Structures are given as C-alpha cells and as structure tokens.
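Please look through the model below before reading this note. The points can be checked against it one at a time.

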Amino acid sequence: MYEQFLQDPTSVDSAWHEFFADYKSDQAKNENTATAAAAGAAAAPTPTATATRAAETNGQASAAPAAKPAAPKPSPQQAAKAAPVKQPQAEGDVKTLRGAAAAIAKNMDQSLTVPTATSVRAVPAKLLFDNRIVINNHLKRNKGGKVSFTHLIGYALIRAVKDFPNMNRHYGEDAKGKPASVTPEHINLGLAIDMPGKDGSRNLVVASIKGCEDMTFYQFWQAYEDIIRKARGGALTADDFSGTTISLTNPGPSGTNHSVPRLTKGQSAIIGVGAMDYPAEFQGASEKTLVDMGISKIVTLTSTYDHRVIQGAESGDFLRRVHQLLLGEDGFFDDIFASLRIPYEPVRWTQDIPEGAVDKTARVLELIDAYRTRGHLMADIDPLNYRQRRHEDLDVLSHSLTLWDLDREFAVGGFAGREKMKLRDVLGVLRDSYCRTVGVEYMHILEPDEREWLQQRVEKPHTKPDSTEQKYILSKLNAAEAFETFLQTKYVGQKRFSLEGAETVVPLLDAVLDNSAAHELDEVVIGMPHRGRLNVLANIVGKPISQIFREFEGNLDPGQAHGSGDVKYHLGAEGKYFRMFGDGETKVSLTSNPSHLEAVDPVLEGIVRAKQDILDKGQEGFTVLPVLLHGDAAFAGQGVVAETLNLSLLRGYRTGGTVHVIVNNQVGYTTAPEHSRSSKYCTDVAKMIGAPVFHVNGDDPEACVWVARLAVEYRQAFGKDVVIDMVCYRRRGHNEGDDPSMTQPKMYDAIDKMRSVRKVYTESLIGRGDITVDEAEKALKDYAAQLEHVFNEVRELEKHPPTPSPSVESEQQVPRGLSTAISQESLERISEAQINLPEGFAPHPRVKPVLERRAKMGREGGIDWAFGELLAFGSLVMEGRQVRLTGQDSRRGTFGQRHSVLIDRKNDSEYTPLQNLSDDQGKFLVYDSALSEFAALGFEYGYSVGNPESLVLWEAQFGDFFKRRPVDHRRVHLVR
C-alpha cells in the first residue's frame, strides 16, 4: 500500500496520508534496492533450473566432464552413399516448450559450455536453530514476520562474498575477444524460486536482490520477502531477472542433502543449501540420546563455480568463511540482532561443558533466581535507546550452562507450574517474564506470599489481548494524539505541557479505571502534575472539551483566589467511568494541584482517606483508589515523595495502597538523569516500603495496559502501594516555547525521528496480522474524526466571549457571632468519661491522678488548658461532628498534658475516652504521625478538602514552621 501511495497518493484513502507522512521507506525495503546498478554484469541470466547432480566425494571439488572431441566431418562421397533414415514417430503428445520452460531449456543447453566444479561442506545447524527461535519469538511479540534458515544463510553468503570478492566474478571476454575475468560492481544475489504452474508443472525462476553488499540484515530480509511476494503474485519484471552475479538455491525442504547445479553465462557460482538432519550414523538414536550426547543437526552447503575464473581453494575458503559466520564469528548474529532491534545478545557457540562438582540442576535454579532479581536490567524498556543488553548474572555461560543444555531437561521445583522443564523453555519463560518490554522489581519485598503471588502472574506464557481490546487501545491512543495535535495546531508556542511522546498513559489510566470498576470500587481519585493534565481531563475524567478550553483561553480572573500563572488548569474535575467490556462503573475525579509537581501527593492521600472514612466500610474498606502521576526527576528528587510513601502503611494515613504512575520522560526540565539522581532508577525510593516496581516501555501500549491491570490486582490483594515506571520521552521541551536540543541534542535528534506511538502500534498490529488493512483504515478515520470533533467544539466555543469565573473567596467567608458554649450535661459526660474506664483496664500510675483531676474539674471548675481542649473536641463529637487530630506526639501531648489515648500499664492495650461518650456521637480520630517536614501537613489539608464537615487539626512541633512555606493551611487548624 505504501508503494501504491508513493506512485499515486490519491489511489489510497485520505486517512492513510497522515500515517504515511513520516513513514520510513527503508523500514519496508532497502533503499538501495531500486537504484543498485547491475553495471559490469554480463548478459542477464534468464530463468534457470537445477541440472543433473554431479558426483563428488570427501568434500573435494570435482571438475565437470570435459567435452568429447567433435566427430570428423564426412566426405561428400560418404554423405552421398548414406541412405536417409526415417525416424520413427514418437508416441504420446509432443508439447513445444514455450516461455519460461523454453528459456530454461535454452539456458541448460548453454550451461554445457561452462566448466564447473563443486565444493561441499557440512555445517552444524545447532546455533542457527537456537538463534532463529530467539529471533522469531521477538518478532512475534513486536511487528510480526518470520525469519527462515535461508534468510540467515543467505545473509552469511553475502557477508562471505564481501570477504572473498572473487566468488562474485564471472567469465567473459575483453574488447579484443580474449578470455577475461569480469568483476561486477555489486553483489546481486539470485534466489531460485519454485513456481507451480496452472497445469501442475513446476518451473524454477531466478530473480535477484540488487546491491546486497551494503544491506543490513533487516533490509536484506525485507528485500528477500519482496522478491518472493512479487514472484508468488506474478509481478516479477525483466529487471528482477537481470544482473544476477551469484545465486542461492535451497533443495533442502525436499530432503535433498546437497545439489550440484549448472551455471549459465554471466554467473560466478551457485550456492546450494541442503536438508538439515542429524548425521546418518546418528539417525537411529533417540532424541534424548542425541541431546545428552550433544549431537547437532548439520546442513550441507555446496558451492558450484565457474572453474575458469574461480579455483577450488577459493571456493573451499569461501565455504569455510560461511561456516565461521554461521557459528557466530565476527559478530554475525550480533549484527542480525542489532538490525532487528532485539535487545539482548544472541546465543553463543561453545563446547559442551560436562557435569562438574555442582550439579547443573542447581545451576538452573540459580539462573531462575538471577532473572527474578536482575532480569529488569535486560528489559527493553527505553523506546529511545536501543542496545543489546547484557548482565553477567543473566548469562547462561556464567552459570556453566551452554547451548547444548537448551534441550536437556532439569528439575525446576514448580517454576511456571512445572516440576521439570527443558532449559530452552525455562529461558523462554524468564525472558518473556522479565526481559521483554516490562522489567519487574519485586525481590526486595520481604513477604514470601507477595513474591509468590507476583511470580504466579508474571512467570507465565505471554497472551496478547483479543482483537476487540486491541482496537479499543488503539482508539484511546487516537483520542490522546488527536487532542495533542489540536493543541499544537491551535496554541502554537503556548505553555500547555503536552503529553506528546507519552500518550500511552491514557490507555494505561483507562485500564486502571476499568479494573477498579470491575472490583466495584466506589471512586478513583487522580492526582497529577502539570504535564498531560489537559489530556487526562478530556480523555480520562471526561471533562467537556468546551469547558477545558474556556479555562485555557485565559478567562480565569487573576484577582480571585485561584490566581494566575503559567498553568491555568490546576483546577480539578469529576466524572463517571463505565466499563467498555463487562458490567461496572466507578466515579473518577482529578484533584486540584496546589503546585506544579509533587505537592499534590500527600494532599491526594488525605482526600482519599477522608472519602474512605465517610464511607466507613471498616478496617479493610479501602474502596476509594488513589492514583498518583509523577515525573521521573520529581519522584526521585523531591522529599515529599519519600515522606508520602512513608505514610502509606501507617494506621493514621493508610489508604489501602496507591497506584503510582511515573511518566518517565528521561529528563527533568533540562537535567539528565545522571545529574539528577544517584540511584539506578527514579523509582528506587519506593523500595523502602516494599512496593513492587514495573518498568514498562511506553511504546508498547499492550504491555502498559497489562501492567496497569496487574497493579490494581496487587493493590486489592495486599493493600499496598505499587509503582509503574512508564519509560517514554518528551517530544517538545519542558514547555512548548523551549528548545530542548540546546541541552540534549542527541536525545532530540532521536526523538525527531520517532513516529508516534499510535502509528507504531498500528503498524505492529498490521504486521502481526492482528488487524486487517481495512480495520487499520477505520482506526485512522477514527483518529481524523476525533481530531475534527475537537476542532468543532472549539469553533463553537469561539462564538461566545469568555467570562470571568466566580471567586472562591465568596464561598469561604468566616462566620461571626457564633455561640461556642456547651451544656453542663455535656461537660459532666466528658469529664466522667475520663475515669469510666473498661473493667480491668490499668492506667499508668502517673496518668491516673490526671484523669481523676479532670473528673473533679467537670464538677467543681478550675479547668486547665489541656482539659479545655478535650472538652472542645468532645463537645463537637457529641454533636455528631468528626474530629481528626494528628502530630508527632498528639495522643499523649508533647509535655505529657493531653492523654487523649490511654495505654494499659500491664498489656499495652489502648482506650480512648472521647470515643465512648454516646451511641450517636461522631468520630474522634487522634494519631501520632511520622516526623514529617511537609507531607503530614499536606495530608491533613487534603483530608479537610475531602471532608469539609470535619474538624481537622495538625499539631506542629516547635520549629516545624520556622522559615517554611506550607502548601496552603487555610483549611487546616494549627495547634502549637
């Protein structure tokens, strides 16, 4: 379709035009294919076929039989005497050869004039098999396609011809008609293609790939497949048949060990690839015996060459070079893996290692543990940085294991639900689980049941989403990119902190919401910084686009309490999420952010805790899910992150687990990671609370969705935080007016070449055969429709001038003239509660007199400050209000004055008098907090927002506020 588009853009639907705008032609085929000249080549060989095989033994080249001397010409007398002999009529049909068949016959007659010889070499096929499995597993998970043995051997042939250029020359004549050796300018590899005819006949045609010498393996593979497609579709042209310099034929699939073909004029050599099988002497052995003995299948290669210009030693050395390459020498497979962007090293050729002092089963178990612990270091999680990852702990050779052990069976003790597995299958599961586009860190978790739970869900065969879900993911990417494209078109140069490069966060968050609705959670509350906030408002929360742009257009009144600044969309929003697949719904809200970055973290946690306390579903009733989005530099660098994480498992602050999503742009404003943190990952701070960490490639939407679902499942199972590190990039600068190439030139050179994740995913779905071209076209039209929808919304908005938003201050006036008196009955109830303790409860000897004095104060007066405070709290609680008090020493009081919670001297049990005043009272919640500089206050502020009817107090220590700038304590009451 791309070639059709290049020839005539109007011949394809307009929905494809934008998709093909930045499509790289060399992704489909080598750019040299169309322009590589066949200059220097002799007259082109026309379609050819293999001839009768010549005998050869012991791998030595044997010359073709010499032509017999011509018979002497008869004299005229003899000719006259010779009586004409009438030839008998042949029985059966006589069919004149025409077309390709006639050309083959002509070429075979002509080939009798070419003196040939053949070299034969047997090559172990073990490494070919093993690396081909690795290659095709990778392709299956990515853009599709399949690499054959002939692809690999053909590429080795080209590499060897570059080392032995004489194998590419052919016999000819110079200008004076004298014998000459002709060296073509290019390597044009002919492929022998078996073509079945309509009448059941078979023809062998030879079409060539031009200019192979400069191709990467990916380009060669695509050019090879292009020739095959054209041949099967009857689209080969005369140019495809012309200029062949050396050919490759593969009789192996029919079981032929090797062949000795004929050469036609202008060819240097034909390389034959025979069948792959075990040596004849081992073909009666069982599979287990072959594996235990380390016997490899072999493939027989033949080199049939023109003996006039190529000698036997050259041909033998050439095949030896092919042999060396197929055993991985000189980085042959490394180059192939790099060309296909396979992110780890190939299997290495080495000798079998016998059993040693340590049993190999122990080595295998050691390898499994290494992958669980270090596998994330080899994961392909960076869409910008391709490299072949290697770690000594993950190399099978480091564990005294080799490719010869791959098909041997070992006891694995329940790994992947099996008791015994082949090492090949073990490595397959380990790489799929830990080294694809998701890297998992969880071995730092101390609880064995949590590690086992994760292993059961991670260490299993990969299953891709069904087609319906894939299309849904694509539709969310369409929506996310359409929104950003509109913003870039409409508001050029304005600060909007786009999500471009990280659009996958939209289907990721959608998956979090979907799984939350499946678990029947009451609400998902999202807190996030500035980047991508508009997109999340539109495509996750469902805030009307017209309302978003009314605020973005600048109609907020700077004189009001919400102020102004470079980000005009710190305000929150609420919406409703309905599951696309299955029943269920949940409320979704985006909380206002009081700052650019991480100040929202504790605020969000406080809001969620308040909502959970209002629902009051018990100790495990964490049916409101907090979701926090972070930047990579801020997550690693800002102290409030560590403080908030530290609160997550504390009784007074826990919310049942937060899903943290790090939008990892790999840069903080202009600061590179190596200058902004000392840790390997930006997420390492989360390990202190035993949270699992999932590093995931932002250009793999399916992996991101899978991780999002697993994160919610883990949170529901264990009530703990979980971290998703979505590694992506920032297409523009920190803001849209910034030029990031001044400080990260190489990074932004790479980003400029990146196609959007929507296009990459569409291309992968087509390549893997997951969707048809027609379905892809519908998706492209959906993208265009969503883009048009955004434009239409704003066109309608522009018809009405913006109006200032109302002031927040009008809703927050401080009331005056309130009566704060309480009744005598309430006073006595609160004072008597200080001594009406449970039966058998033993207060501390130094606390008991304090409680008795308070009871006396309730009857006789003389109330001190400490008891007056408790009277205020108790009276509010008796009115049905909730009171929440936190601080480092809030339960006892810094000076031992409060004693709001009593501790039994004998058994450490607790009793809170103000929680036992009446049956219909409100809650009195008092907690000792962590020693926090920032997060504790932010949490209480959030709590007061989430439950505005509650009295929320945070008690500061002496110097806690000295020269500090709290986020906003207008809603938080301070007790000093």
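The numbered points below go from the whole chain to single residues.

1. This is a predicted model, in which local features need pLDDT of at least 70, side-chain atom pairs count only at pLDDT 80 or more, and totals for chains, interfaces and linings use all residues. Residues are numbered from 1 along each chain as its sequence is written, and side-chain values use heavy atoms, with hydrogens and water left out.

2. The protein has 30 helices and 25 strands. Helices (H or I, at least four residues) and strands (E, at least two) are DSSP runs, numbered from the N terminus. Of the 976 residues in the protein, 50% are buried. Buried means under 20% relative accessible area, exposed over 50%, and partly exposed in between (1.4 Å probe, protein chains only). Among contacts (heavy atoms within 4.5 Å) with a separation of 6 or more, 75% are between residues 24 or more positions apart.

3. How many residues of helix H13 are buried? Nine of the 12 are, so H13 is largely enclosed by the rest of the structure. The buried ones include Leu-423, Val-426 and Leu-430, but also Arg-424 and Arg-431. They pack against helices H5, H12 and H14 and strands E10, E11 and E12. H13 covers residues 423–434 and reaches 16 Å from its first C-alpha to its last, close to the 16 Å expected at 1.5 Å a residue. The expected span is 1.5 Å times one less than the number of residues.

4. Two packed helices are described by the angle between their axes and the distance between the axes. The axes of H6 (residues 149–163) and H11 (residues 332–339) come within 11 Å and cross at roughly 115°. Axes here are lines fitted to C-alpha atoms, for helices over the stretch in contact, and angles run from 0 to 180 degrees between N-to-C directions. From H6, the contact uses Leu-152, Tyr-155, Ala-156 and Arg-159, and from H11 Phe-332, Asp-335 and Ile-336. Five of these residues are nonpolar, none polar and two charged. Nonpolar covers Ala, Val, Leu, Ile, Met, Phe, Trp, Tyr, Cys and Pro; charged covers Asp, Glu, Lys and Arg; the others, Gly among them, are polar.

5. Arg-348 sits in the loop between H11 and H12 and is partly exposed, at 30% relative accessibility. Beyond residues up to four places away in sequence, Arg-348 touches Leu-127, Asp-334, Leu-397 and Leu-403. Arg-348 and Asp-130 are 218 residues apart in sequence, yet their C-alpha atoms are 9.4 Å apart.

6. Leu-139 belongs to helix H5 and is buried, at 6% relative accessibility. Its contacts, leaving aside neighbours within four places in sequence, are Gly-144, Gly-145, Lys-146, Val-147 and Trp-221. The C-alpha atoms of Leu-139 and Gly-767 are separated by 9.5 Å, although the two residues are 628 apart along the chain.

7. Asn-515 is in helix H16 (residues 505–518). Is Asn-515 buried or exposed? Asn-515 counts as buried because its relative accessibility is 8%. Not counting residues up to four places away in sequence, Asn-515 touches Arg-709, Val-712 and Glu-713.

8. A disulfide is a covalent bond between the sulfur atoms of two cysteines. The cut-off used here is a pair of cysteine sulfur atoms within 2.5 Å, and the structure holds zero disulfides. For Cys-728, the closest cysteine sulfur, in Cys-704, is 8.6 Å away, too far for a bond. Cys-728 is buried at 1% relative accessibility, and Cys-682 is buried with a relative accessible area of 2%.
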